[in-house]
Amino acid sequence: MAVLRHSAAFPFLLLLALLICIPALASGVWLNDGGGGVEEEEGEQFSEELFLKPLPDRKVLAHFHFQSTAPPSAANGRHHHLFPKAIAQLVQKFRIKELELSFTQGRWNYENWGGSDPISSTNAKPPGVELWALFDLPVMEIDATWKDLTHALSGLFCASINFLESSTSYFAPSWAFRSNVSNLRYGALPREAVCTENLTPWLKLLPCRDKAGLASLLDRPSIYKGYYHSQRLQLTSTKSIGIVLKQTLTVVLKPDVQRNSAHSSLDKPIQPSWSVSSMFKKNVTGLCVPAKTSRIFFELETNMVVELEKLGYGVSLSNSIFDLSPNPVRVFKESNPLPGRSNSIIYEYINYSEHEPLDLGMKWKLPFIWSCSQAPFHVSRFLMGSGNERGSIAISLQSTESNKEFLAKSHGCNVQVLIFQVVPWYVKVYYHTLQVFIDGKPQSVSDVIEKIQVSPSEDKLFPGTLELMLRYPCSVQSVALTLDFDKGFLHIDEYPPDANQGFDIPSALVTFPNFHSSRSYVEDNFSLNSPLLLKFQEKNVVRSYTEALLVPLTTPDFSMPYNVITFTCTVLALFFGSLLNVLRRRVGEEERLLNSKDTTRIRLIPLLLSKFSSKLKGRTDGTPKSSSLLGSKFLLILVAVLAVLWHYISN
C-alpha cells in the first residue's frame, strides 16, 4: 500500500517541480556546473551608484543613479523579477521609444555648480515638471496617445501631469529639441510642486525600494531641505536591447556650517567638512541583494585638480588641503581631456556591508578656492516693460571666463546656438519684432540667425513656439534677443486660484551643438561595467535652461462677483418671502389670531401667578383665601421691585 501511495504521488511532485523550474528557466537562472552556485545570464539586471562631488560655494553634489534593464520579449505579458511591471506596461500600451520625466524643485546654478559637465548637461532640469516622449506610432495617433499617457503617469506618480493633456500645454518641436523628429511631444508645468508624494512612487520602482542599498540614504528631510533636487526617469525601448530604465536623483546639499565654522590663520573661512552620515543622517550599511553592481564615486573635478597642482599639494587622499577617508578601492583618471585641461579624478568605493558601514567623508584643513567648468555662454532670460498691456522678452548670452582662453585660440571660428522657446497663447508674441544685439550693437537678423521656425499661437487652442539657430564669431562677448508681446484676456473660468501671483512661461532651452560634455574614465576597461561612467562617456551636447518667467496679466476683482451674488440673493429672498406671505394670508385672519392669543394670555397670567405664589409659600390649592391674597400681594411687590432694579441697571 505504501508503494502504491508513493507511486500515485510521483506525477504530482513531478508537475510541481516543473511549475517551479519553468519561471526560473524563463528568467535566465541556470545552475553553474563549474562553480556549483547560481549564476544569472543576460536577463533582467539592476545596478545602483552614487556620485559625490564638492562644490565651490560650500555645498556638496549627490547624484544617485539606478538602472534597470529588461531583455526583449515576444510575449505580450511576461513575469518580471527586477524590472517594474508598471513601466513595461506603459511601453507596450503606448508604444514608447523614448521618454523622460523630471520633477524639480529649485534652479540649477550654472555659474557655481558647473555647466559643461555630464551632470549639469543631462540632469539639470527646469523647475516643476518636464515631460517629453517619442512614440513609435503614426502621426495621426500621437496626440490621443499623449493624452492617455499623461493620465497614466499622473496616477503612477501622484502628480498633476494630466494637465498636459490640453492642447494649450504641449507642443511638437521641429528640430531644436530633437533634430528632425515628428513623433515627439513636449510639455512642461513650471508651477508644479514637488514633495514626498512624488518621491515615494518613484522609489517603489526600485527592487529594494528605500529599505536597502544606496536608496536607504534618501532621508526625506535631508533631501527636501536642500538647495536643489531633481528626480528624473528616463526610458528607452529598442527591439535589440529591450527596455532600459534609468532613475536619477540629483541633490545639492549644504553641510552643517555651525559645527564646522573653522577659520584659518588668514581669517578666511574653510570649506565645511562633511560625511555621508552628516548629510543623510544614515550610513551605507548594506547592498541591495538583486543589484548587480553597487558603487560610490567621489570626484575631484578638473579645475580643482589644476588648483591643487598649482599649489604643489598633489591629489593624494591626505594632503595639506583636505583629508578623504576611507581609502578608495580604485582610482580613475580622465583620459583624453580637452586641450588646455587637466585630468579629473574619480575615487571608487564598493566594500561596505552591515558589519562595516561606509561613512565617506571629507575634512578640510586650509581655505581653498576653485571654480566649476562652465558652458561657453551663460544664459539668462528676463522681462522688460511695465503695465498690464505690453512687454518684451529678452534672452541674453554672456561669454564665460572659463572658455575665453579656448575661444581665443580658435581664430575665425563660429559658435552655433539653438534656442527653443515656448510661449502660452495668452502672451501674444509679435515675431516680426525680433531684434538681435551683439556686444550691445543692433545687428541684422539675417546676419546672425541661420535658421528659424515659428509656430504662432491660437487663442485657447495652441501655444506659440520659437526655434532659432544662431551663428556668430567666437570672439563675441554678449548676444541679446528681444521679442515684443501683448497680454491677452482670459475668461473668468480660466483663471487659477492664485491669479494675482501671475502666469508662468516655461523655461527656454539653449543648446550648444559644438560643445560636448563627455568624459572618458577608462582603467583596464573596468568602467565598462559601470552604467554611470558609461553615461559620462556618451557624447551629450551642452545644454542650459533659462529661468521661468512670471507674467502679470490683467486680473479681475474676484470679490465683486461675490458681493453681487450676495446682494442679489438677499433682495430675491425678501421679495419672494413677502410675496408668499401676501398670497397665503387670509383677510381678517391675523386679527382673529391676535385676539385669540390676547385672551388666552390674559387668562393664563393670573393662573400662573397664583400657582407660582402657592409654590413659593409651599401651600396647595386648599389654603385659605386670606393667605393666598397675601401671597399674591407679596408676589406683586417682588415683581415691581425686580422691574425697578432692571430698569435702573439697563439705564
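**Disulfides, sheet and spaces**

Analyst: In this predicted model, cysteine 208 and cysteine 288 are joined by a disulfide, with an S to S distance of 1.9 Å.

User: Which strands of the open sheet stand at the edges, each with a single partner strand?

Analyst: The sheet is open and antiparallel, and its five strands follow the order S17-S18-S24-S20-S21. One side of each edge strand is left without a neighbour in the sheet because each has a single partner strand, and the strands in question are S17 (377–384) and S21 (441–443).

User: By how many degrees are neighbouring strands of this sheet turned against each other on average?

Analyst: The order S17-S18-S24-S20-S21 defines which strands are neighbours. Averaged over neighbouring strands, with direction ignored, the turn is 30 degrees.

User: What is the bridge partner of glutamine 435 in S24?

Analyst: Strand S20 (residues 427–438) and strand S24 (residues 478–487) run antiparallel and are joined by eight bridges. For glutamine 435, the bridge partner in S24 is threonine 482.

User: Which strand supplies the largest share of the lining of the largest pocket?

Analyst: The largest pocket has a volume of about 1,200 Å³, and of the 45 residues that line this pocket, the closest to its centre are Gln234, Thr236, Lys246, Lys535 and Glu538. Domain 1 (45–256 + 269–364) and domain 2 (377–507 + 547–551) each contribute at least three residues to the lining. The largest share, four residues, comes from strand S9 (residues 228–238).

User: How many residues of the lining of the largest pocket are charged?

Analyst: The lining divides into 16 nonpolar and 17 polar residues, with the charged residues as the remaining group. The charged residues of this lining number twelve.

User: Which residues that line the largest cavity are the closest to its centre?

Analyst: The structure holds eight cavities of 30 Å³ or more, and the largest cavity has a volume of about 130 Å³. Strand S3 (45–55), helix H4 (118–123) and helix H9 (302–311) each supply at least two residues of its lining, which divides into six nonpolar, five polar and six charged residues. Of the 17 lining residues, the closest to the centre are Lys53, Asp117, Glu299, Glu301 and Arg519.

How values were computed:
Residues numbered from 1 in each chain as written. Predicted model: local features only at pLDDT ≥ 70, side-chain atom pairs only at ≥ 80, totals over all residues. Heavy atoms only, no water. 1 Å grid on protein atoms, 1.4 Å probe; cavity = no way out; pocket = protein on both sides within 12 Å on 5 of 7 lines; lining within 4 Å. Points joined across faces, edges and corners; volume = space filled by probe spheres on them. Nonpolar A, V, L, I, M, F, W, Y, C, P; charged D, E, K, R; others polar. Domains from an automatic or database assignment. Pairing = 2+ DSSP bridges. Axes fitted to C-alpha atoms, helices over the stretch in contact; angles between N-to-C directions. Disulfide = S-S within 2.5 Å.
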